[in-house]
Amino acid sequence: MPVKATTHVQAMSAFALANFGGFDRPTLAQNESAFPPSPKAIEAGRVAVAGSHLYPDPDWTLLRDAIARSYGIERDLILCGAGSMELIACTIAAFAGPGADVLGTDYAYNFAASPAARVGATYAKAQERGFEVSIDAVLAAVTSATRIVFVCNPGNPTGTRIKNAELLRLRAALPGDVLLMVDQAYGEFDDQDPQAVFALAGRGDTVILRSLSKAYGLAGARIGWGLFAPRIAAEVRKMQNSNQVSTVSLAMAAAALEDQAYMRAIVTRTADIRDRFAQGLRAAGYEVPESRTNFVLIRFADAAAAAAADSALRGVDIIVRGLSGYGLTDCLRITIGPQEVMDRALRILGALRDRQCW
Ligand SMILES: Cc1ncc(COP(=O)(O)O)c(C=O)c1O
């Protein structure tokens, strides 16, 4: 008899090392920052390397202090992980299992489907309306099997946001035994006051997740954090491996958080490039939802037009993300890169559009 993975795992497909062009050159496919991390973070990482013979602090003490200071929140509510992906996966593993539903939305970051499948839970999706999360549709999709509701704000791959008041309405209307997970990986790009949503964590039925991969430019360091009430944190920590976040990453993240001015400057520069790019695309006739992130979604006339744009961009060394995994075969998602690259992308897409009009 050959060894066998569990039936849940056999039914899954592995993360495909998609054709992003190789990891040695930057692409516009992964929503990474167009800019390097703060020089202070780079220096802190350099210094921390010398302590690599020791295991990292499993309680992330200095990083939690830095997060608490930077975001004005209580340190004891904070858990850290190797990217917010780890926290998403561990929360799902702790609160869902066979027979349970994890309810996302049409275009909620579909990574969440994978940890749900791993534990034998079903990943269900509430319909979005016009690339925006509809709180009414989410509430209508909740069943007695729903254990977790997962929403992204702002969303990936749409880039759109849910108003804080709508999120509060969602929480108030959900049953108390349904855990609400709010993924705010792009939260620093949203100008809404975060405190109203952070405060939901204190209820003991809501988790708020953040990432240093986007606004802080630390995708390669793998740092995420979140707000977890003690009762929830106790369960999630059982699912986490200790020492997941390296000493170097902890040091880089703490220093990056202390340099809020650098992060804000990067967010502003990225948003400026994004808004000019999006306006150019709209002027060329493309549908582009308003983005509150470091990427834009572009809808083409049909799947063939999206595929043609994808290959035209590849022709000038620009790799973007197709969205067939979300059923959006007529769309592409383009991360905001340096101005010169976005100008090149706009020229190519504008020319394609002109040709289609003829
Ligand atoms: C909505 C959303 N959540 C979470 C993540 C993963 O972030 P991290 O790098 O912190 O694991 C991403 C990455 O693209 C994302 O788009």
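**Conventions.** I note that this is a predicted model, in which local features need pLDDT of at least 70, side-chain atom pairs count only at pLDDT 80 or more, and totals for chains, interfaces and linings use all residues. Residues are numbered from 1 along each chain as its sequence is written, and side-chain values use heavy atoms, with hydrogens and water left out. Helices (H or I, at least four residues) and strands (E, at least two) are DSSP runs numbered from the N terminus. Two strands pair if DSSP finds at least two bridges between them.

**Three-stranded sheet.** I read an open sheet in the order β10-β12-β11, with antiparallel pairing. β10 (295–299) and β11 (321–323) are at the edges with a single partner strand each, so one side of each has no neighbour in the sheet. For Leu297 I found Arg333 as the bridge partner in β12. Helix α11 (residues 260–283) packs on this sheet and touches β10 and β12, contact meaning heavy atoms within 4.5 Å. The direction of α11 makes about 10° with that of β10.

**Seven-stranded sheet.** I noted a second open sheet, ordered β1-β9-β8-β7-β6-β2-β3, with mixed pairing. Its edges are β1 (78–81) and β3 (122–126), each with a single partner strand, so one side of each lacks a neighbour in the sheet. Strand β2 (residues 101–105) pairs with β3 in the parallel sense over five bridges, and Gly104 stands opposite Lys125 in β3. Helix α7 (residues 164–173) packs on the sheet, touching β6 (146–152), β7 (179–183) and β8 (206–211), at about 160° to the direction of β7. Helix α9 (residues 230–239) touches β1, β7 and β8, and its direction makes about 20° with that of β1.

**Ligand.** I listed the surrounding residues (a heavy atom within 4 Å), among them Tyr109, Asp183 and Arg222. Helix α4 (residues 83–95) gives the largest share of this shell, three residues. I checked polar contacts (pairs of N or O atoms within 3.5 Å). An oxygen atom of the ligand lies 2.7 Å from a polar backbone atom of Ser84, and one lies 2.6 Å from an N or O atom in the side chain of Ser213.

Technical notes. Polar contact = N/O pair within 3.5 Å; in protein donor to acceptor, adjacent residues only side chain to side chain. Axes fitted to C-alpha atoms, helices over the stretch in contact; angles between N-to-C directions.
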